[in-house]
Amino acid sequence: MGITADDVARLGALARIRLTEQECHDLAPELNVILDSVRSVSEVAGPDVPMATHAIPLTNVFRDDVVTPSLTQDQALSGAPDQEDGRFRVPQILGEE
Amino acid sequence: MTETIPYDDLLTRYEPVLGLEVHVELNTNSKMFCGCPTTFGGDPNTQVCPVCLGLPGSLPVINGKAVESAIRIGLALNCRIAQWCRMARKNYFYPDMTKNFQTSQYDEPIAFDGWVDVEVDGETYRVEIERAHMEEDAGKALHMGGATGRIHGADYSLIDYNRAGVPLIEIVTRPVRGAGAKAPEVARAYVAHLRDLLRALGVSDVRMEQGSLRCDANVSLMPIGSDVLGTRTETKNVNSLRSVERAIRYEMTRQAAILDGGARVKQETRHFHESDGTTSPGRSKEEAEDYRYFAEPDLMPIAPSREWVEELRATLPEPPAEHRRRLQTDWGFSDIDFGSIVSSGALGLVEATVAAGATPAAARKWWVTELARRANEAGVELDELPITPAQVAAVQGLVDAGKVNDKLARQVIEGVLAGEGEPAAVVAARGLAVVSDEGALTVAVDEVIAANPDVAAKIRDGKVAAAGALIGQVMKAMKGQADAGKVREMILAKLT
């Protein structure tokens, strides 16, 4: 089962990417090529190959529970498109639904 | 007005099935993936850094202490601990997270397959734990404009990210069945049990009113005799033990009315309202929830060695049931006296008060009578009263030292609850200390004896019990600020 244009439209909506119908049609076969490639790789890796999540097989990389300096409020808000009372100001949250 | 069915009535036709999701904020010093402090109540956006603000190029690193706490919680819930697990990205668009995802765990929770036993009215109910996983808390949104300050109708929102990234453990039960009419109480007992357990583990402040322990309650009804689970609702914003019980009870009566009318319960998120004990529909779920979870590529897997897990197991406090038995023996209380402590939710508080130096009897007396009454009047849980076990022990210390009597001690407690400071400061500010000045007492005693020659004569004749009447009058003359034992001594010394 490959990816259809409808799947692309749905993924686009979930990822908040506006796609035209034409783009959905064009992207579906492209994504299928990628999925096929992944499938080919999966066939090579047999059950004797352990799952890897990272190029270097590290586990338990932890930091100590120590407080380090935070940004100041001004620094934290310096990149905010809008702000009010020391807080990030964002558009109404449910307006789009 | 939402239609509901009387509670007893619905139980003849439906069986409630519950699912509880409890979020616990860990009390680590720093956040889950960065070194920002986790302290509650700081100025907005002063406990944030590039990592918890999700700025490009920043990289998270797991707080080892949070993993340790997660494992200890898992063990205390009789869970199995994963030998290898990963964090995962839960993708969603909501500005309480800057990253557009929450770092959580998905199909590989750190702890799973556990259980706890809780007691309601002397009966034991087993609550099975499906999983306990690690994640991070989200920021706090203030919804501005609109009529109600609620999310619906708001014009815009203001976000404080101080809480974003604070380590959270989410504990999820399997469906809880078979509790029948007791279902709301079992749920409450379960959350209370978790709270006590987590407090004993020392991994969280477990303050429901501050949000460090939060409960979402899934409720559905199953027609009796059926084996098909009904459609569930998830009630959020349930922020006290009392609310857990009320919210579930309300949902049961609401859903029963819908089912009785031949309609279907809508699967949705609902919000609980403390003010009238009802629930209302919340955010309608994004059509078929799809968080597109995937393993977090920026974090390494967690693989706790068996040695580490066993080391942590050795640090667990004794299981609650054994702990209670031992305390009862140590304190020498009857089943009734001890039961009154447990049922008023005061066990942890009494224990801490004893640890702070009070006798078990004194600690029990204050929490189960005076303070329970005040909590009840204020409509809050005992541990939400603004007085600490150490302060209660200090009040008792003042009584033991003869500085105040019981009656004055109650006023000291009133002062502490009113925010007037430590017990000693309340005594000073309110002028509550008993008068130990013998001169003033002697004058009062002499006057009362002179004014009551017949009572005095009785005492001289050996009727010591009559002294009570004189003690009362002396206490009244001293406006209650005298040690009754001392007054009694002085009267008897003068008349016998």
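This dialogue reads the pairing of two chains in a predicted model.

User: What should I know about the numbering and the model before reading the strands that join the chains?

Analyst: Residues are numbered from 1 along each chain as its sequence is written, and chains are lettered from A, with ligands numbered from 1, in the order in which they are written. This is a predicted model, in which local features need pLDDT of at least 70, side-chain atom pairs count only at pLDDT 80 or more, and totals for chains, interfaces and linings use all residues.

User: What is the order of the open sheet of 4 strands?

Analyst: Strands of a sheet pair through backbone hydrogen bonds, either parallel or antiparallel. Strands here are DSSP runs (E, at least two residues), numbered from the N terminus, and two of them pair if DSSP finds at least two bridges between them. The open sheet has the order 2(A)-3(A)-9(B)-8(B), with antiparallel pairing, and its edge strands are strand 2 (83–84) of chain A and strand 8 (140–144) of chain B.

User: How many bridges join strand 3 of chain A to strand 9 of chain B?

Analyst: Strand 3 (residues 87–91) of chain A and strand 9 (residues 156–160) of chain B are joined by 4 bridges and run antiparallel, with Phe88(A) standing opposite Ile159(B).

User: Which strand of chain B does strand 1 of chain A join?

Analyst: Strand 1 (residues 62–63) of chain A is joined by 2 bridges to strand 2 of chain B, and these run parallel; there, Phe62(A) has Ile62(B) as its bridge partner.

User: How many residues does the contact take from each chain?

Analyst: Residues are in contact if their C-beta atoms, placed from the backbone, lie within 7 Å, and the contact takes 43 residues from chain B and 32 residues from chain A. On the side of chain B that touches chain A, the largest share, 5 residues, comes from strand 9 of chain B.

How values were computed. Contact = placed C-beta atoms within 7 Å.
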